[in-house]
Amino acid sequence: MDISVSNKQYLFITSEHNETLFGGAAGGGKSYGQLVDALLYALKYPKSKQLILRRTFSELEKSLIRVSLSLYPREIYTYNASKHTGRFKNGSIVDFGYCANENDVYQYQSAEYDVIRFDELTHFTEFQYLYLISRIRGANGYPKMIKSSTNPGGVGHSWVKARFVDVGEAGTPYTDADGRSRIFIPSRVDDNTFLMKSDPDYKKRLLSLPKNQVKALLYGDWNIFEGQYFSEFDYSVHTVSPFEIPSHWRRYRTVDYGLDRLACLWVAISPLGEMYVYRELCVSNLMISEAAERIIAKTGVNEQIYATLAPPDLFSRSQESGKSKALLFEENGVRFTKSSNNREAGWLCVKELLKRDANGESRLKIFRTCTELIKCLPMLETDPLKPSDTKNEPHEITHAPDALRGFAIFYTRPSEPKNGRVKRQWSEDMWQDYYSADSKGREYLIKKYGEPI
Ligand SMILES: Nc1ncnc2c1ncn2[C@@H]1O[C@H](COP(=O)(O)OP(=O)(O)OP(=O)(O)O)[C@@H](O)[C@H]1O
Ligand SMILES: [Mg+2]
């Protein structure tokens with residue numbers, strides 16, 4: 001067996017800190033480093049147990065399992081594909097696992113490992129990481145460690161950065177209040193001399209990516225979200241596990257539609273005014289009839305939708321047919337209510353909904369199943385020429401946030417006064433007053449509170 005490693009891989013492999021992060025550029029040799037490290041650990045410590053994790057099984061299979069099969073010598077290693085377990089002759093095992101859903105970590109509830117390895121740590125949530133840390137134990141005296149590798153970006157970018165990158169100098173160990181040590185080993189693509197030799201054009205290909213991705217993937221820069229518009233977005237605050245929405249909560253749909261992409265979000269409002277984006281539909285290249293069909297199909301048969309919001313440009317008539325897109329949607333069974341297209345005001349409304357109250361809670365929460373919105377919202381960048389607006393590119397990430405913006409401005413802002421009347425959201429108390437008043441009283445209340453939405 002003849003394996004050489006880069007300097008950075010050597011640092012990763014020899015680290016015995018409680019937690020190690022090998023983080024940075026794509027192609028820095030991180031996953032390979034994990035596998036070599038796992039092999040050396042397994043051989044050095046007989047009957048040791050290790051777990052290697054990716055977020056989804058297909059990622060695991062395509063990368064780590066495949067590479068391990070070609071890297072680990074067959075004379076001493078066998079892999080059981082149905083159990084996803086590799087076994088060495090000296091009794092050491094390596095389990096290959098994945099945690100696609102937040103709660104998948106519970107499958108390891110009774111497991112015990114000496115080392116747990118996360119590949120692409122920023123794809124995991126902090127909850128998953130902290131839960132799995134507790135599975136590191138055993139009385140064999142072997143070093144107990146968490147070893148992770150990752151690119152910047154992904155749902156876990158913020159917590160990983162805070163845990164490893166922001167706590168001190170790269171390469172210098174950090175000790176937390178409990179005396180546990182962490183180290184961050186940055187990787188750049190040039191560190192992987194093997195790849196630079198075998199595929200010299202790799203760097204050029206990375207350079208053709210959008211600017212932020214070049215920073216993250218080529219240079220391993222963690223400050224990719226410098227221009228992040230929704231810097232307040234926090235996965236642990238703004239997302240929740242799905243739950244059954246009570247049937248009496250008011251529900252909206254909000255749509256952003258262009259030929260290139262349809263984004264439709266379903267939003268429910270609790271009686272206390274909390275909002276939940278509970279479903280999303282994001283599909284490319286649909287004609288209006290198909291888009292309407294998909295929206296209807298994804299809405300429950302007994303689900304009462306109070307209004308389906310769409311931006312004003314969908315209401316303008318096309319010169320050829322004389323019909324607006326909104327009318328075509330209506331002919332296909334989806335009737336729109338016009339929201340506003342004031343971008344800057346709309347984004348401010350989204351910010352308002354994401355703002356945390358004194359208890360650290362926000363009014364708006366997104367079901368974790370709405371992966372496109374959760375991915376795109378934190379990726380939106382501030383427009384350098386108009387700091388209160390977002391950049392309109394990369395265009396593919398704008399659709400789901402645009403749909404949310406349409407809802408936010410419609411719901412939180414009074415609409416333009418009509419006949420001197422202003423529309424607004426009424427509280428339960430206001431409705432109580434209204435129902436207990438006679439017709440004159442009701443007229444008065446509408447003037448006082450504004451017309452209800
Ligand atoms: N020590 C090494 N010896 C030989 N080849 C290596 C070595 N380290 C990495 N490579 C090769 O370089 C390429 C990139 O390595 P690897 O996949 O580990 O990078 P990565 O940092 O995990 O990339 P990504 O960020 O895309 O996941 C792979 O083809 C891998 O086999
Ligand atoms: Mg990798």
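In which sense, left-handed or right-handed, does helix 1 pass helix 2?

A: Happy to! This is a predicted model, in which local features need pLDDT of at least 70 and side-chain atom pairs count only at pLDDT 80 or more, while totals for chains, interfaces and linings use all residues. Residues are numbered from 1 along each chain as its sequence is written, and chains are lettered from A and ligands numbered from 1 in the order in which they are written.

The crossing of helix 1 past helix 2 is right-handed (the near helix is turned clockwise from the far one by less than a right angle). Helix 1 contributes Gln9, Phe12 and Ile13 to the contact, and helix 2 brings Gly33, Val36, Asp37 and Leu40 (C-beta atoms, placed from the backbone, within 7 Å). By class, the residues of this contact are four nonpolar, two polar and one charged (Ala, Val, Leu, Ile, Met, Phe, Trp, Tyr, Cys and Pro count as nonpolar, Asp, Glu, Lys and Arg as charged, the others, Gly among them, as polar).

As for geometry, helix 1 spans residues 7-14, and its axis comes within 9 Å of that of helix 2, crossing at roughly 40° (lines fitted to C-alpha atoms over the stretch in contact, with angles from 0 to 180 degrees between N-to-C directions).

Helix 2 covers 30-44 (helices are DSSP runs, H or I, of at least four residues, numbered from the N terminus). In total, 15 residues surround ligand 1, with Ala26, Gly29, Lys30, Ser31 and Tyr32 the closest.

Conventions. A residue is near a molecule or strand if its C-beta atom, placed from the backbone, lies within 6 Å of it. Helices (H or I, at least four residues) and strands (E, at least two) are DSSP runs, numbered from the N terminus. Two residues are in contact if their C-beta atoms, placed from the backbone, lie within 7 Å.
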